[in-house]
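Thanks for coming. I will go through one structure today, a few contacts at a time. Please have a look at it before I start.

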Amino acid sequence: GKKDAATALFNLSIYQGNKVRAVRAGVMGPLIQFLTDPAADMVDEALAILAILATHPEGRDAIGQTSAIPILVNLITTGSARNKEHAAAVMLVLCSNDPTHITTALELGAYHPLSELAQTGTARARRKASLLLDHMNKQDNCC
């Protein structure tokens, strides 16, 4: 069912041309909904797909328009190790391309959980969290 569809979408989205097609087909709404519904057991899959779609400008814009930052901050704070890793990856791409996302993340209290993740996360999560913290530290109103 859902897991198979997510796997297919993930595999299709690896190809750059399909990222725009997926975004235009309306996948953002369901993916964001999966992030907020732990009972659906699709958080990891949704984050992995978002991380791929975020590598395309249209994907980044679509994710940014969904108010995903509060959800990502929450996942970085309370999620599983894998959730934290993927959420940090998505947030890094968003924040690297739009400083307003950094401001939003800081206002939502992301700095402390990212600091913890930079110390205790998986190797990939530590890298992503450290890069996010670097972006945050460059903001005038930060830390």
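At what angle do helix 4 and helix 7 pack, and how far apart are their axes? Before I answer, note that this is a predicted model. Helix 4 covers residues 43–53 and helix 7 covers residues 81–97; the angle is about 25 degrees, and the axes lie 9 Å apart. Angles under 35 degrees count as roughly parallel, so helix 4 and helix 7 are roughly parallel to each other. Their crossing is left-handed.

Now the residues at that contact. From helix 4 we have Val43, Asp44, Leu47, Ala48, Leu50 and Ala51, and these meet Arg82, Asn83, His86, Ala87 and Val90 of helix 7. Sorted by class, the contact has seven nonpolar residues, two polar and two charged.

Next, salt bridges. How many does a search of the whole structure find? The search gives four. In general, side chains of opposite charge can pair when their charged atoms come close.

I will start with lysine 3. Lysine 3 pairs with aspartate 41, with 3.5 Å between the closest N and O atoms. This pair links distant parts of the chain, since lysine 3 is in helix 1 and aspartate 41 is in the loop between helix 3 and helix 4, 38 residues apart. Lysine 3 also forms a salt bridge with glutamate 45, at 2.8 Å from N to O. Here the partner is in helix 4, and the two residues are 42 apart in the chain.

Another pair is glutamate 85 with arginine 124, where the closest N and O atoms are 3.1 Å apart. Is glutamate 85 buried or exposed? Glutamate 85 has a relative accessible area of 15% and is therefore buried, while arginine 124, at 25%, is partly exposed.

Staying with helix 10, residues 123–138, we find alanine 129 there. Alanine 129 has a relative accessible area of 0%, so it is buried. Leaving aside residues up to four places away in sequence, alanine 129 touches Leu114, Leu117 and Ala118.

Last, helix 2, residues 16–24. Its buried residues are Asn18, Lys19, Val20, Ala22 and Val23. Their cover includes helix 1, helix 3, helix 4 and helix 5. Just after helix 2, glycine 26 takes a positive phi of about 95 degrees.

Notes
Residues are numbered from 1 along each chain as its sequence is written. This is a predicted model: local features need pLDDT of at least 70, side-chain atom pairs count only at pLDDT 80 or more; totals for chains, interfaces and linings use all residues. Side-chain values use heavy atoms; hydrogens and water are left out. Axes are lines fitted to C-alpha atoms, for helices over the stretch in contact, and angles run from 0 to 180 degrees between N-to-C directions. Helices (H or I, at least four residues) and strands (E, at least two) are DSSP runs, numbered from the N terminus. Angles under 35 degrees count as roughly parallel, over 145 as roughly antiparallel, 65 to 115 as roughly perpendicular and the rest as oblique. A crossing is left-handed if the near helix is turned anticlockwise from the far one by less than a right angle, and right-handed if clockwise. Contact means heavy atoms within 4.5 Å. Ala, Val, Leu, Ile, Met, Phe, Trp, Tyr, Cys and Pro count as nonpolar, Asp, Glu, Lys and Arg as charged, and the others, Gly among them, as polar. Buried means under 20% relative accessible area, exposed over 50%, partly exposed in between (1.4 Å probe, protein chains only). A salt bridge is a side-chain nitrogen of Lys or Arg within 4 Å of a carboxyl oxygen of Asp or Glu.
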